[in-house]
Amino acid sequence: IPDKIIHYNDTNTAIRFPAADTVSVETGGSERLRIQSTGVVNIGDTTVSSLGSRLLQIGKTDRSDTYVEVRTSTSGTGGIVWSDGTANDSTGYRGTIEYSHGNDAMYFKTAATERLRIDSGGRTLINQTQGYDLYANGLLQVSATDGTAAISVTRWSNNSSSPYINLGKSRGAIGAYTVVQDDDRLGQINFIGADGTDLASPAAGIAGYVDGTPGS
């Protein structure tokens, strides 16, 4: 057959063979998809050549915003799966990024185990599947049954500077630097023990307050 197969009543739509061992698809007179001789599939920007071991490349020629949509039901789960190829079922799924429409949560898994979850309330949960109240139901929570129940901040630099934990307070909305007032609590570190019911009652704390008129 010749270079391309053309729809009889739609001549700007075609399946082409533009080069040896290469297949492309055109709609509206423009190339939309190409399978290169190396097996790489280009969607959108079909000028991109093979890069390393990437078999699928998606983009636009003008480099504008590009999305890949995974559509399921309102109670379904969609995602991307990394399989080690040892099995033809989910037992080979070692890494996944999943979104559950049933509870509006995003899951991240490694070694076939959930490690991080962003729940419907925007909380980032590391090694736990639900948010817990420790004085407040914080937006970042970490759980473990061993010494990894920790948050580490380390600075590696040949100077006298250190890492920081910064607690900030404004009376305005997010991004608005509305001045605080005398006796406002600016930040607090709480120490909490389980009382048989919850972890909501602090036993001790370290807090900083405004004393007088705030200023730089």
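Asp183 counts as exposed, because its relative accessibility is 56%. Here buried means under 20% relative accessible area, exposed over 50%, and partly exposed in between, with a 1.4 Å probe and protein chains only. The structure is a predicted model, in which local features need pLDDT of at least 70, side-chain atom pairs count only at pLDDT 80 or more, and totals for chains, interfaces and linings use all residues. Residues are numbered from 1 along each chain as its sequence is written, and side-chain values use heavy atoms, with hydrogens and water left out.

Asp183 sits in the loop between β12 (140-142) and β13 (185-192). Strands (E, at least two residues) and helices (H or I, at least four) are DSSP runs, numbered from the N terminus. Although Asp183 is not a glycine, its phi is positive, at about 75 degrees. Most residues other than glycine have a negative phi. Beyond residues up to four places away in sequence, Asp183 touches Tyr209 and Val210. Contact means heavy atoms within 4.5 Å. Pro214 lies 31 residues from Asp183 along the chain, and the C-alpha atoms of the two are separated by 10 Å.

Asn127 also has a positive phi, near 65 degrees, and is a residue other than glycine. Its place is in the loop between β11 (124-126) and β12. Asn127 counts as partly exposed, because its relative accessibility is 42%.

Pockets were examined next. Rolling a probe the size of a water molecule over the atoms shows where empty space is left. On a 1 Å grid over the protein atoms alone, a pocket is an open set of points where a 1.4 Å probe fits, with protein on both sides within 12 Å along at least five of seven lines; lining residues have an atom within 4 Å of a point. Grid points are joined across faces, edges and corners, and a volume is the space filled by probe spheres set on the points.

The largest pocket holds about 1200 Å³ of space. It is lined by 23 residues, of which Leu134, Leu140, Ile151, Gln188 and Asn190 are the closest to its centre. β12 and β13 are the elements that give two or more residues to this lining. The most comes from β13, with seven residues. By class, the lining of the largest pocket has 15 nonpolar, seven polar and one charged residues. Ala, Val, Leu, Ile, Met, Phe, Trp, Tyr, Cys and Pro count as nonpolar, Asp, Glu, Lys and Arg as charged, and the others, Gly among them, as polar.

The volume of the second largest pocket is about 160 Å³. Its lining consists of Val70, Gly78, Gly79, Ile80, Ile97, Glu98, Tyr99, His101 and Met106. Five residues of the lining are nonpolar, three polar and one charged.

β8 runs antiparallel to strand β9 (residues 105-110), and five bridges join them. Strands pair if DSSP finds at least two bridges between them. Thr96 stands opposite Lys109 in β9. The hairpin of β8 and β9 has four residues between the strands, and Asp104 in this hairpin takes a positive phi near 50 degrees. β9 in turn pairs with strand β10 (residues 113-118), in the antiparallel sense and over five bridges. Thr110 faces Thr113 in β10. Two residues lie between the strands in the hairpin of β9 and β10, where Ala111 takes a positive phi near 50 degrees.

Strand β3 (residues 23-27) contains Glu26. Glu26 is buried, because its relative accessible area is 11%. Its side chain makes a polar contact with the side chain of Arg16, at 3.3 Å. A polar contact is a pair of N or O atoms within 3.5 Å; within protein, one must be able to donate a hydrogen and the other to accept it, and residues adjacent in sequence count only if both atoms are side-chain atoms. Leaving aside neighbours within four places in sequence, Glu26 is in contact with Asn12, Thr13, Ala14, Arg16, Glu31 and Arg32.

β3 and strand β4 (residues 30-35) run antiparallel, joined by five bridges. Thr27 has Ser30 in β4 as its bridge partner. With two residues between the strands, the hairpin of β3 and β4 includes Gly28 at a positive phi near 60 degrees. β4 also pairs with strand β5 (residues 41-44), antiparallel and over three bridges. There, Ile35 has Val41 in β5 as its bridge partner.
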